[in-house]
Amino acid sequence: MPAPRQRRSCRRTMARALLAAPLFMVAGACAARATGCSDLARHALPDATFTTIETVKAGSWHPPQDQLSHIMFTPGMNLAGHTAEAANPAFCRVALTLHPTADSRIRTEVWLPLKGWNGKLLGVGNFGWAGSLMYYGMATGLGEGYAVASTDTGHDSATPEGQGGRFTLGHPEKMIDYAYRADHLMTVAAKALVKTFYGHEATHAYWIGCSLGGLEGLIEAKRYPEDYDGIVAGAPPNPIVNFNAEQLWAGWMSYHDPALRVPRDKFRLLNTAVMNACAGPVGRKQGFVDEPDRCAFRPEQILCKPGSNTASCLTADEVRAARNIYQGPVDPQTHTVIFPGPAKGSEDGFSADGKAFPVALDLFRYAAFQNPDWDWTTLKWDTDVQEATRKVGPLLHVDDNLAPFLARGGRLLLYIGWNDGHNPQQLATYYQAVQRHAGAAGRDGVRLITIPGMGHCQGGAGCDTFSKLGAIDDWVSHGQAPDMIVAARVDGGQVVRTRPLCAWPAVARYDGQGDMDDARSFACVTPGAN
């Protein structure tokens, strides 16, 4: 906002307030407001050091290029559902380091639009083990008129010690930063900077993230229900110990029993068989199972005849491996499933090669057991999972009681793809439990969207591109619950088809007559309803 306008506003404020308050109170209130980007440096924040405060011209921002940037650049990860990222508007860039403890170094950035601020704040969630700022998500939010904030959660993935989960080794305070403290302190700092820069608080604050960012959103809702008014949590790996155990399961079983190692072409064969058995006309045309939770296919249906092993069938061992993957690991003491395996239709993503999944391995060897030499092949599915839960659960697990967040009017939108390694049926069970705990006053404040054909947060054959930001803002600001959202599939920068995403348990059903690539040919229907 231009400095002259700010000064005029402050003079008007003083003139009105002189009749009701001492001069020193009014003057102090005006002094607390920045008159320009560089002026923010004079406004100290607790346990924070400013590293950069600069005005960034329109169209001049170019995010760093790395593996994470490649993922975040895809249309399916665009927070506003755009097919491509537009050039940035002019903004005030504030980079700061938060240091709540002697071992904390939390890099944080807050971007403040110079023109056209919509009065709202957006916090952007991380991905994987974090360690970098989510610049693409910030740029999208900025382009939509939001003040935006992101943090690396307290470690730098560009350094050897910051890669994966290594940063947690011998650093309990960094683990707390990663788990919840960094996101909360980032939010507090961002709100303070917004108020200082614009002269008033944000009318609403939203959080959007997927994978780790989805879990971060649940943690925010649980620990700090006042931080955000609306949270979009995509594919949250919760409880994360159980989920990471499931990610190690196929590698562990096929390491200990080489007969259970399955070549990729056999998993592709299995996927083809599932598609033939369970995909509807739309799914067969577009490449996914429409309603995986209604798929009754069993791998035994393509079992090889005794003594044969061809490319068109599964051996008895391959059938056993597939069944084990679908089921997920089992606690040998309680005989309960620790975390369910992936849904039918996602077999192209299966792997049973006797190797560990690195992201999941890091949680056990670094965060839980503090031993970089921990041998994952010795994993005990009862005691080791229980011990990891005792160590990590209090920091990263989120129970199903989010009543304080929902009771104050908070809105939670969960979403997940059916071709994700995380089975949406597990998230649906959690969603139902959240609703039960919320009671009559809060149960309408949560929705779940399950997306046919979509992989982990994006990609796959389904329609993965939709405006998470628009959905949560319409819900919070205008009371329009996301019972149906139109999503697109983007190929080469062009929308090639659209489809409605329906709030669970409803599903999108084709009318049998219209264009299969047009969302208008579908309706949201609750299975089993008359």
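This is a guided tour of one predicted model, moving from a helix to the disulfides and then to the aromatic rings.

Residues are numbered from 1 along each chain as its sequence is written, and side-chain values use heavy atoms, with hydrogens and water left out. Because the model is predicted, local features need pLDDT of at least 70 and side-chain atom pairs count only at pLDDT 80 or more, whereas totals for chains, interfaces and linings use all residues.

**Helix α12**

Begin by selecting residues 383-396, which make up helix α12; helices (H or I, at least four residues) and strands (E, at least two) are DSSP runs, numbered from the N terminus. At 1.5 Å a residue, its 14 residues should span 20 Å, and the end C-alpha atoms are 19 Å apart, which agrees; the expected span is 1.5 Å times one less than the number of residues. Centre the view on R390, where a kink of about 40° lies shortly before the proline P394; the bend at a residue is the angle between axes fitted to the seven residues ending there and the seven starting there.

Next, show the side chains of D384, V385, A388, V392, G393, L395 and L396, which are buried, where buried means under 20% relative accessible area, exposed over 50% and partly exposed in between (1.4 Å probe, protein chains only). Among the elements that cover the buried residues of α12 are α5 (172-198), α6 (212-223), α7 (240-256) and α11 (358-368).

**Disulfides**

Now select the cysteines: the structure holds five disulfides, a disulfide being a pair of cysteine sulfur atoms within 2.5 Å. One of them joins C37 to C92, with an S to S distance of 2.1 Å, and with 80° about the S-S bond this link is right-handed. C37 lies in the loop between α2 (23-31) and β1 (48-56) and C92 in strand β2 (residues 91-98), so the pair ties together parts that are 55 residues apart in sequence. C37 is buried at a relative accessible area of 8%, and C92 is buried at 0%.

Move on to C304 and C313, whose sulfur atoms are 1.9 Å apart in a disulfide; this link is right-handed too, with 95° about the S-S bond, and both cysteines are buried.

Which hand does the link of C502 and C524 have? With -85° about the S-S bond, the link of C502 and C524 is left-handed. This pair links distant parts of the chain, with C502 in strand β11 (residues 494-502) and C524 in strand β13 (residues 522-525), 22 residues apart. C502 is buried at 3% relative accessible area, whereas C524 counts as partly exposed at 35%.

**Aromatic rings**

Finally, select the aromatic residues, among which a search of the whole structure finds 26 pairs; rings of Phe, Tyr and Trp (its six-membered ring) pair if their centres lie within 6.5 Å, with planes under 30 degrees apart counted as stacked, over 60 as edge-to-face and the rest as tilted. W61 and W111 form an edge-to-face pair, 4.9 Å centre to centre with 75° between the planes, and both are buried.

Note on methods. Contact means heavy atoms within 4.5 Å.
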